[in-house]
Amino acid sequence: QIQRQFADAEREIKQAQFAVGITKLDEFIKAHPNHELSNGPKGARVLLGKARVEKELIGSPAFANGLEALKNLVADHREQKYFADLNDDLAAYAKKIALDAPKAAAVNKQRDLLKISVEAEEMMVRYSPPDSPPTEAKTEIAKARAEAEAAILKAGVLDEALASISDSLKKEVPLDAVVTRQKLVVRFADLKTDRRLENALRRALELAKKQAVREEFQRDAQTE
């Protein structure tokens, strides 16, 4: 009966049914706190801690929550004799957070995710085998972070340029808008096809054309 209960909870976790699996593990531990299936490196307590980490890293990951759950997993088992048996999993979770957080930062332009990546990388190094440091992983993580930094910088420059262009158009100074756009696409060539910049350029050219017609009309009127 006890083994079946544990197996049921374990199966839910393996199938990524974390809400149900975590509840079942909690109930199992409360009902059998001293049972061998509740303790040890493969017991319910460790499985519960791992499940709480994994739950935060699937679907739309919540990296801050995942890192916090990982810290809790360490804190809950650090003093146990079997703690060293958890190192491989701890390093793997930390690597996933350290690598995936900057990838998400690049997409969502969230700089705070880079701090999470740095902290997770430190944990990855700490729990990796001393005789086999995660050199390749560190290189991969550094690359992801650099790409995220570049993406965040680019997004900031684009936002500033769009605000400047909008201000120029409101003030009816289309040449300034065109110059701002040109400087931007020289710096970031791929932005040449950005829909917002294309619309801004079109509006600037239309405004410049209207101004030219108006000025010509005024000159003709003065001549007459």
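Start by selecting L169: with a relative accessibility of 9%, L169 counts as buried (under 20% relative accessible area, where exposed is over 50% and partly exposed is in between, using a 1.4 Å probe and protein chains only). Before going on, note that this is a predicted model, where local features need pLDDT of at least 70 and side-chain atom pairs count only at pLDDT 80 or more, while totals for chains, interfaces and linings use all residues. Residues are numbered from 1 along each chain as its sequence is written, and side-chain values use heavy atoms, with hydrogens and water left out.

L169 sits in helix α7 (helices are DSSP runs of H or I with at least four residues, numbered from the N terminus). Beyond its neighbours within four places in sequence, L169 is in contact with A177, A200, R203, A204 and L207 (contact means heavy atoms within 4.5 Å).

Next, show α7 (residues 135-170) alongside α8 (residues 174-187): their axes come within 8 Å and cross at roughly 165° (axes are lines fitted to C-alpha atoms over the stretch in contact, and angles run from 0 to 180 degrees between N-to-C directions). The two helices are therefore roughly antiparallel, a label for angles over 145 degrees. To see the packing, pick L153, V157, L158, A161, S164, I165, S168 and L169 on α7, then D176, A177, T180, R181, L184 and R187 on α8.

Move on to the largest nonpolar core, with 36 residues (a set of buried Ala, Val, Leu, Ile, Met, Phe, Trp, Tyr and Cys residues joined through side-chain atoms within 4.5 Å). F63, L70, L90 and I97 have the most contacts inside this core. Colour α3 (44-56), α4 (63-77), α5 (87-108), α6 (112-126) and α7, the elements that give two or more residues to it. The largest share, eleven residues, comes from α5.

Zoom in on F63: leaving out neighbours within four places in sequence, F63 is in contact with L57, I97, D100, A101, A104, L113 and I116.

Last stop: I13, in helix α1 (residues 2-14). I13 has 7% relative accessibility, so it counts as buried. Its contacts, setting aside neighbours within four places in sequence, are F18, G21, I22, L25, L47, A51 and E54. I13 and E54 are 41 residues apart in sequence and 9.2 Å apart in space, C-alpha to C-alpha.

Key. Parallel < 35°, antiparallel > 145°, perpendicular 65-115°, else oblique.
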